[in-house]
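Please consider the structure shown below, which the following paragraphs examine residue by residue and then by its pocket.

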Amino acid sequence: MDYLTMSECIQISCAVCRIGIYTCFRALCCKGPPPPRPEYDVVCIGLTGAGKSSLLSQLCSESADNIVPTTGFSIKAVPFQNAILNVKELGGAQNIRKYWSRYYQGSQGVIFVLDSASSEDDLETSRNELHSALQHPQLCTLPFLILGNHQDKPAARSIQEIKKYFELEPLARGKRWILQPSSMDDMESVKESFMMFIQLLEEKDLEPIQM
């Protein structure tokens with residue numbers, strides 16, 4: 001009886017080993033490469049000095065030292081865990097803004113960066129540019145991420161103040177949009193805002209929502 005019990009134990013152990021080896025083999029040989037991350041083409045706009053280039057450089061793990069304003073446009077592939085954003089950043093100087101619309105075609109989403117600590121004149125200009133973008137035929141149906149940047153500055157307006165001043169509630173009704181605070185001092189929050197934006201891009205065929 002003892003011999004039979006030992007024999008059964010040996011057989012069971014061998015079977016378990018065979019299963020383990022087969023499982024490892026399947027994991028190593030049959031797993032294959034991970035599925036590719038989806039890519040989205042988005043346009044990034046805002047006035048000069050809003051911080052577009054600095055935020056994008058940090059998201060790409062590039063040095064933000066000696067950043068110079070974009071004079072035409074630049075393109076960065078910004079990687080995230082579940083997607084890659086191909087961001088076309090447009091320069092924000094007055095003589096460039098009038099050409100923004102030439103670069104809207106093919107966009108799947110919009111990032112608008114504003115300096116929440118800017119002068120009243122610049123804030124008014126930023127408001128007008130955002131209104132124009134939200135109503136543009138090539139952008140009006142796309143998801144928007146609006147960043148109230150430079151929140152670390154003493155003169156920064158709160159998100160609620162920005163929402164009210166920019167009249168976002170009536171203007172963006174029926175659109176998919178997010179208004180979030182941002183600063184170079186808190187890039188984790190910036191990344192979270194972009195992840196929320198990616199969710200909007202993924203849900204572009206669902207009912208419009210706002211956050």
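Glu203 is found in the segment that follows helix H7, the helix spanning residues 187-202. In this predicted model, Glu203 has a relative accessibility of 30% and is therefore classed as partly exposed, since that class lies between the limits of under 20% for buried and over 50% for exposed. Along the sequence, Glu203 and Arg176 are 27 residues apart, while in space their C-alpha atoms are 9.4 Å apart.

Is Ser57 buried or exposed? With a relative accessible area of 4%, Ser57 is buried, because the cut-off for that class is under 20%. The side chain of Ser57 reaches the backbone oxygen of Ser53 at a distance of 2.9 Å. When residues up to four places away in sequence are set aside, Ser57 touches Glu62, Ser63, Ile67 and Lys76.

The description now turns to the largest pocket. The space in the largest pocket amounts to about 170 Å³. Its lining comprises 16 residues, of which Gly49, Gly51, Lys52, Ser53 and Pro69 are the closest to the centre. Which element gives the most to this lining? Helix H2 does, with 3 residues. Sorted by class, the lining of the largest pocket contains 9 polar, 5 nonpolar and 2 charged residues.

Methods:
Residues numbered from 1 in each chain as written. Predicted model: local features only at pLDDT ≥ 70, side-chain atom pairs only at ≥ 80, totals over all residues. Heavy atoms only, no water. Buried < 20%, exposed > 50% of the residue type's maximum accessible area, 1.4 Å probe, protein only. Polar contact = N/O pair within 3.5 Å; in protein donor to acceptor, adjacent residues only side chain to side chain. Contact = heavy atoms within 4.5 Å. 1 Å grid on protein atoms, 1.4 Å probe; cavity = no way out; pocket = protein on both sides within 12 Å on 5 of 7 lines; lining within 4 Å. Points joined across faces, edges and corners; volume = space filled by probe spheres on them. Helix = DSSP H or I, 4+ residues; strand = E, 2+ residues; numbered from the N terminus. Nonpolar A, V, L, I, M, F, W, Y, C, P; charged D, E, K, R; others polar.
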